[in-house]
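The sequence and the model come next.

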Amino acid sequence: MAQAIEAEGGAASKAHAAFPGVDNATLGFWIFLSAESILFASLIGTYILLHTQTNGGPAPRTIFDLRLTFVGTIALLLSSLTMVLAYYQVVRGRLSAMRGWLVVTIALGLVFLLETAYEFAGFWAKGLTLQVSPFGSAFYTLVGFHAMHVTFGVFWISSLLAYSFKPQFPEESVTKVGVMGLYWHFVDVVWVVIFSVVYLLGKAV
Amino acid sequence: MAAISRALNAPTVVEPTEAGRGLWSWISVVDHKRIAHLYFMASGLFFLMAGIEALLMRVQLFAPNGHFVSAELFNQLFTMHGTTMIFLAVMPLFIGFFNAVVPLMIGARDVAYPRLNALSFWLFLAGALFLNSSWFLGGAPDAGWFNYAPINTSTYNPGPGIDFYAIGLQIAGIGTLMTGVNFLVTILNLRAPGMSLMRMPLFVWTVLVTSVLIILAFPPLTVNLFLLMFDRILGTQFFATAAGGQPLLWSNLFWVFGHPEVYILILPTFGIVSEVVATFSRKPLFGYSTMVLATVAIGFLSFMVWVHHMFTLGFGPWVNSIFALTSMIIAVPTGVKIFNWLATMWGGHVRFAMPMWWVVAFILTFTVGGMSGVMLAMAPADLQFNNSYFVVAHFHYVMIGGSLFGIIAGLYYWFPKICGRLMSERLGKWSFWFTVVGFNVTFFPMHFLGLIGMPRRIYTYAPGLGFTTWNEVSTVGAFILGVGVLLLAINVVVSAVAGRVASADPWDARTLEWAIPSPVPPYNFADIPLVRGRDALWVEKTHGDGRMLPAPAAHDGHAPPGTVHMPRPTALPALLAASVLALGYAMLYRSVWAAVAAGAVAVYAIHRSMFTPDPGEFMRVLSEPGELAAQGGAH
């Protein structure tokens, strides 16, 4: 919801530039991401505390399938690259190339989401439900929160894609794509931590 | 909806006198000063409600074996009293001051994100109404303001009260988080030319640190409330021990939020006191740099002390010792502040107007609260104090004698700037004595009650335990305190309507907000001022002609002459908050379809906010540039 920050050019602020080089939207979004970091830190801490409590249900070691998760992970990491390429193009004013890379980014994000949905369905079928154990609750909550962030990101990119055909877009395009890119990369970085802590350590320990 | 569709058009020129007429202008408000009015009115009402809840509890405890209220209702009363005071009264009253004066103090025309600012207020109001609607919809929350697990789970608390707590605080909390982001960016990015960080008024510094605390402290609460809702709605296993869940997870996540929250509730008061004490001593604030450092140090340390709320939960002597030490260390920067305020008064031409009365009362009572805080920080002693009335005495000394006295000082101080009229000093003195005497008569005996063993949160007690006399004294004190607060409320209402008209600078003050007319025009500064030193206005009074110089090239390049570029009003934030409120009720009644419908409206409002350009509007300036001080008839 705080992404609404991004939309406000700040009519009242045009005359000021006390914090050199960073516009309001970008600075505010970085600050918002620090709050998001604490949010995920709390969820990851919860998972670390509870992941051994399997209550007789499936355990991390037996249920995770790294090959499947690897597919989603690669798709999401590649989508960060394509987001950078979209930004690279918009900075140079090439809007159609930007649109192309954004479409690829959306596609990769959808691959990740489909993989997650498939994984969840499989786990559920094997008896790992939200209710069966604290491990199940913490796993679905953490990975689900992240997947919700990816879903929001896909909607955001799609909306921006539609908006990019508006006449006023070129003037504000660099900030709009830049802030959206920040969000997308943040969601990716969080996934790197989740993949390491939840999946890799879950298999190793 | 007219204001929404208007947003697609090009900027129009509007008159400042047109702004702020009619109900719609409040629903579509984006002006930080009018949002401050909304915060003051809403949180003022919640403050009175929580005060009435406190009085009902005091009546119940007046005599042993009381039966004025039932045990169940008593649980709801102390829960709602604490939750309301913290989340719906004191914090939003501070945010009212953030809105009322921070942009003025840094020489800005609004906050960084005016629409987000409106959204923050509407979400606060939505969360507050949601939480309080519980009184009529099946019972209020009754597990205390920190709502420990597992008593908050549906096994032990099947009624809807805890759902109201979890969803209501979630909604209000998101609004508060946005306030933190907004004011941090505002302070970093919108300062007028020349106002470096170390030239900012101390209140602005405390708002900056408070914003950082909000941004870093609220997410653990957000997560905690989500986990609780999932446990209650979806049947997850976070806090129930039967399947291996961890009740202490709630306690830790709560206090990781809760302790910084305590400093969110006191740092702005430190800022207000610093402004008042310098203005009324006619001296620069003593030790400005150490004050800034102390503020930052308190903010930093506030994240390292949360276990001191849980010394009795059995984390062991090592953990308890570390957290006892970090808790005691906080007394050092706080002590630095106390001595700096005293040193500011020392040798100054101290004038005792109402704001200064409250500052002196604050310094005395807050020091008492600080001392009992150090006593509680000693882990072995805390095993005795914990869960007794001693704790209740301590935190009321810091929350009323600290936070609230500061808020009242700020109210008297900035009231002329906010409303254009001065508050009555005569009524103010009556209110002062009733409040200060009543406060001490109510809460000082609670130290004794705690030490002789009266536990907090009991709805009654047996005769012959030695509790009776002090409880009677305390209840009498509470009503004296109530009279004081009532007189204050009367003073606010009467003075807002019929108070003495204030000049631009009635206190002969030091900072930028006093350089512009009272009440402030919608665009704040006709010209963005040039700041030539700390205490910007005082520098001009002593080294210039008493008026702020306009900053060179500070004018909008594309605004027509005689106008300034301002954000355009919009009702989208109110619409979004209303849809979030509806979403809250949909979750409360477990209605998927209502949730989908409310969610769809929310998505529409977010999408509309993000992808509708705001061309703003050009507002005509009332007088010639450079005549800022003259407009209000100052000097």
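In which sense do S1(B) and S5(B) pair, and over how many bridges? S1(B) and S5(B) pair in the parallel sense, over 2 bridges.

## Basis of the model

This is a predicted model, in which local features need pLDDT of at least 70 and side-chain atom pairs count only at pLDDT 80 or more, while totals for chains, interfaces and linings use all residues. Residues are numbered from 1 along each chain as its sequence is written, chains are lettered from A and ligands numbered from 1 in the order in which they are written, and side-chain values use heavy atoms, with hydrogens and water left out.

## Overall fold of chain B

Chain B has 21 helices and 5 strands (DSSP runs numbered from the N terminus, with at least four residues in state H or I for a helix and at least two in state E for a strand). The radius of gyration of chain B is 25 Å, close to the 26 Å that the globule rule gives for 635 residues, so chain B is as compact as a globular protein of that length. The radius is taken over C-alpha atoms, and the rule is 2.2 Å times the number of residues to the power 0.38. Along the principal axes, the C-alpha atoms of chain B fill a box of roughly 75 × 65 × 45 Å.

Of the 635 residues in chain B, 62% are buried (buried means under 20% relative accessible area, exposed over 50%, and partly exposed in between, with a 1.4 Å probe and protein chains only). Among the contacts in chain B with a separation of 6 or more, 82% are between residues 24 or more positions apart; contact means heavy atoms within 4.5 Å.

## Surface and charge

Chain B exposes about 22300 Å², and carbon and sulfur atoms supply 72% of that area. Accessible areas come from the Shrake-Rupley method with a 1.4 Å probe, and for residues only the protein chains shown count as cover.

Chain B carries 30 positive and 26 negative charges, whose mean positions are 3 Å apart. Lys and Arg count as positive and Asp and Glu as negative, without His and the chain ends; each charge is placed at NZ of Lys, CZ of Arg, CG of Asp or CD of Glu.

## The sheet

In chain B, 3 strands form an open sheet with mixed pairing, in the order S1-S5-S4. Strand S1 (13-14) and strand S4 (563-566) of chain B stand at the edges with a single partner strand each, so one side of each has no neighbour in the sheet. Two strands pair if DSSP finds at least two bridges between them.

S4(B) and strand S5 (residues 617-620) of chain B run antiparallel and are joined by 4 bridges. His565(B) has Phe618(B) as its bridge partner in S5(B). For Val14(B), the bridge partner in S5(B) is Met619(B).

## Two buried helix residues

Ser495(B) lies in helix H17 (residues 468-498) of chain B and is buried at a relative accessible area of 2%. Apart from neighbours within four places in sequence, Ser495(B) is in contact with Phe415(B), Arg421(B), Leu422(B), Met423(B) and Ser424(B).

Pro220(B) belongs to helix H7 (residues 202-234) of chain B and is buried, with a relative accessible area of 1%. Leaving aside neighbours within four places in sequence, the contacts of Pro220(B) are Ile38(A), Ser42(A), Leu253(B) and Val256(B).

## Backbone details in loops

The peptide bond from Ala149(B) to Pro150(B) is cis, with omega near 0 degrees. Pro150(B) sits in the loop between helix H5 (114-132) and helix H6 (161-189) of chain B. A cis bond also links Ser518(B) to Pro519(B), with omega near -10 degrees, and Pro519(B) is in the loop between strand S3 (500-501) and helix H18 (536-543) of chain B.

Arg282(B) is not a glycine, yet has a positive phi of about 50 degrees. Arg282(B) lies in the loop between helix H9 (267-281) and helix H10 (288-301) of chain B and is partly exposed at 33% relative accessibility. Arg590(B), not a glycine either, has a positive phi of about 55 degrees. The loop between helix H19 (572-588) and helix H20 (592-611) of chain B holds Arg590(B), which is partly exposed with a relative accessible area of 39%.
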